[in-house]
Amino acid sequence: MSTESLVSRARAICEQNGARFTAIREKVFRLMAENQGGQGAYDLLEQLKQTEPAAKPATIYRALEFLTEQGFIHKIESSNAFMLCHHFEKHHPAQLLICDACGNVTELHSTALHTEFSKQAAALGFHIHHQTIEARGKCRNCIGN
Ligand SMILES: [Zn+2]
Ligand SMILES: [Zn+2]
């Protein structure tokens, strides 16, 4: 999917939500769209500084917070990184498959997994407010390499 089409879809959603897709937010979004795997906040900051020399860690954290609120990105908890979601029009359960060899991240959208997890938690009287399911391994392209 091209960066331009992702950007225009994101802009449409911001308009719908009455949220401001500022130049900085859009730049961070573009940086993420151009990279397949997860990216850490400081990697993003280094890249952003090439066009926004005054950018500070807080600049990135605020942008990431905004993009998370809009549902545009997922956090990869196990590596403290962020990735762009390509299905952000709809709220969806996401399980992440993370390739340790190339860093590529694939999303699964299993409602069954999500529901089962919640059901088992509820049976124990546990209330989930944030759920992450991540698996690490090797992707199809990396197996055998
Ligand atoms: Zn997603
Ligand atoms: Zn791989």
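A salt bridge is taken here as a side-chain nitrogen of Lys or Arg within 4 Å of a carboxyl oxygen of Asp or Glu. By this rule the structure holds eight salt bridges. The model is predicted, so local features need pLDDT of at least 70 and side-chain atom pairs count only at pLDDT 80 or more, whereas totals for chains, interfaces and linings use all residues. Residues are numbered from 1 along each chain as its sequence is written, chains are lettered from A and ligands numbered from 1 in the order in which they are written, and side-chain values use heavy atoms, with hydrogens and water left out.

One of the salt bridges joins the side chains of glutamate 89 and arginine 9, at 2.8 Å from N to O. Arginine 9 belongs to helix 1 (residues 3-17) and glutamate 89 to the loop between strand 2 and strand 3, so the pair ties together parts that are 80 residues apart in sequence. Helices (H or I, at least four residues) and strands (E, at least two) are DSSP runs, numbered from the N terminus.

The domain assignment gives domain 1 (3-84) and domain 2 (94-137). Such bounds come from an automatic or database domain assignment. The domain centres, taken over C-alpha atoms, are 22 Å apart. Eleven residues from domain 1 and eleven residues from domain 2 make the contact, defined as heavy atoms within 4.5 Å.

About 750 Å² is buried between the two domains, and carbon and sulfur atoms give 51% of this area. Buried area is the accessible area (1.4 Å probe) that two parts lose on being put together, summed over both. His74, Glu77 and Met83 supply 46% of the area that domain 1 buries against domain 2, more than any other three residues.

Between domain 1 and domain 2 the count is zero salt bridges. Five residue pairs across the interface are in polar contact, both residues at pLDDT 80 or more. A polar contact is a pair of N or O atoms within 3.5 Å; within protein, one must be able to donate a hydrogen and the other to accept it, and residues adjacent in sequence count only if both atoms are side-chain atoms. On the side of domain 1 that touches domain 2, strand 1 (73-76) and strand 2 (81-84) each supply at least two residues. Strand 1 gives the most, with three residues.

The zinc ion (ligand 1) is coordinated by His74 (NE2), Cys85 (SG), His92 (NE2), Glu107 (OE) and Glu107 (OE), at 2.0 to 2.8 Å. Donors are N, O and S atoms within 2.8 Å of the metal (3.2 Å for Na, K and Ca); water is not among the atoms, so sites may look incomplete. The donor residues are spaced H-x10-C-x6-H-x14-E in sequence. Histidine 74 lies in strand 1 and histidine 92 in the loop between strand 2 and strand 3 (95-99), 18 residues apart.
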